[in-house]
Amino acid sequence: MLMDASEAPHQYAIRGGKAGKARLDLLARVMLPTTTQLLDCVGLIRGMNCMDVGCGGGHVALLMGSKVGPEGRVIGTDTDGEILALARQDAEAANVTNVKFQQLDACACLWHDEFDIVYARFLLSHLNEPENCLAAMAEACLPGGSIVIEDTDFSGSFCYPTYAAYDRYTDLYQELVKRRGGDPNIGAKLPGMLRQAGIQRVELNVIQPAHIHGEGKLMAPVTMSQIADSLTAEELATEDEVQQILTELTHAAADSETVIGLPRIFQVWGKRAV
């Protein structure tokens, strides 16, 4: 879920490194049920070779590794060396030997016709030229293999009852990602983008995790805290406004009467032509 290395590190909207890893840990726990269902749906099985592009903290790469077993292998790539070091620590702590991490541009084409499944989650929405990343993913995939994407329609985020701070947070996030060259609402565009990349038999599913209790409700305040520096750097919000929004988002998350949803998430997949 990190950026194309052709962009300067500060261009990524969300803080990376150790602080970013804590957010990604939370996001991975929230997304685990639906991402697991997606990987099962696309046919991930024992013995496969897989790639997780923009792997961030390595959560999906490790999930894939648990499914492909010792007969298979997984490569996770990202440009954030600090977060990859933390992912390697997680792999070592879990005694995982079939997952490797490599610091690499999301658009780099080091592999050709090699992987059964090539996957990316919350990556393309942050790239200036997501089409180049898709082309590299297709090139790395075996003919007949699967390209699998999960990404956002951030405009579909919701909170009920309405909180002005939540609406302001979602507006700020979208404007920030656009300022940094991304598209926070790329989700509905993905089927067409896959087809344009020559990917066939494209399928679509839309999910939206929502919570009335538990840590899933913390995604909004945690994400807000991790974009705070970028918001002030871009002069989209003052430090005082950021802190006020954080306070109100934390209050909303603690309110048992409040329902908070993640963005609408598009799961899109297809096959590389044989």
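Mentor: Happy to. A search of the whole structure turns up 5 cavities of 30 Å³ or more. Bear in mind that this is a predicted model.

Trainee: What volume does the largest cavity have, and which residues are closest to its centre?

Mentor: The largest cavity has a volume of about 240 Å³. It is lined by 23 residues, and R23, F154, Y169, T223 and P263 are the closest to its centre. The elements giving two or more residues to that lining are α1, α5, α7 and β9. Of these, α5 gives the most, with 4 residues.

Trainee: What makes something a pocket rather than a cavity?

Mentor: A probe inside a cavity cannot get out, whereas a pocket is an open set of points. The second largest pocket holds about 190 Å³ of space. Its lining includes D25, R29, H59, L63 and R121. Two elements, α1 and α2 (59-68), each give two or more residues to that lining.

Trainee: Where is α7 kinked?

Mentor: The kink is centred on I227 and is about 45°. I227 is also one of the buried residues of α7, along with others including M219, T223 and L231. The buried residues of α7 pack against α1 (17-41), α5 (164-179) and α8 (239-254). After α7 comes E235, with a positive phi near 60°.

Trainee: Why is H211 called buried?

Mentor: The cut-off is under 20% relative accessible area. H211 has 18%, so it counts as buried. Leaving aside neighbours within four places in sequence, H211 is in contact with V30, G216, K217, T258, V259, I260 and L262.

Trainee: Which strand holds H211, and what makes β6 and β8 edge strands?

Mentor: H211 lies in strand β8. The open sheet here has 3 strands in the order β6-β9-β8, with antiparallel pairing. β6 (159-160) and β8 (210-211) each have a single partner strand, so one side of each is left without a neighbour in the sheet.

Trainee: How do you know that β6 and β9 pair?

Mentor: Pairing takes at least two bridges. β6 and β9 (residues 259-261) have 2 bridges, in the antiparallel sense, so they qualify. Y160 stands opposite V259 in β9.

Trainee: What makes β4 largely enclosed?

Mentor: In β4, 6 of the 7 residues are buried, so the rest of the structure largely encloses it. β4 runs parallel to β1 (residues 49-53), joined by 4 bridges, and C50 stands opposite I117 in β4. β4 also runs parallel to β5 (residues 141-153), joined by 6 bridges, and there Y119 stands opposite V148.

Trainee: Is F122 buried or exposed?

Mentor: F122 has a relative accessible area of 6%, and buried means under 20%, so F122 is buried. F122 sits in the loop between β4 (115-121) and α4 (130-140). Its C-alpha is separated by 16 Å from that of N132, 10 residues apart along the chain.

Terms used. Residues are numbered from 1 along each chain as its sequence is written. This is a predicted model: local features need pLDDT of at least 70, side-chain atom pairs count only at pLDDT 80 or more; totals for chains, interfaces and linings use all residues. Side-chain values use heavy atoms; hydrogens and water are left out. Buried means under 20% relative accessible area, exposed over 50%, partly exposed in between (1.4 Å probe, protein chains only). Contact means heavy atoms within 4.5 Å. The bend at a residue is the angle between axes fitted to the seven residues ending there and the seven starting there. On a 1 Å grid over the protein atoms alone, a cavity is a set of points where a 1.4 Å probe fits but cannot get out, and a pocket is an open set with protein on both sides within 12 Å along at least five of seven lines; lining residues have an atom within 4 Å of a point. Grid points are joined across faces, edges and corners, and a volume is the space filled by probe spheres set on the points.
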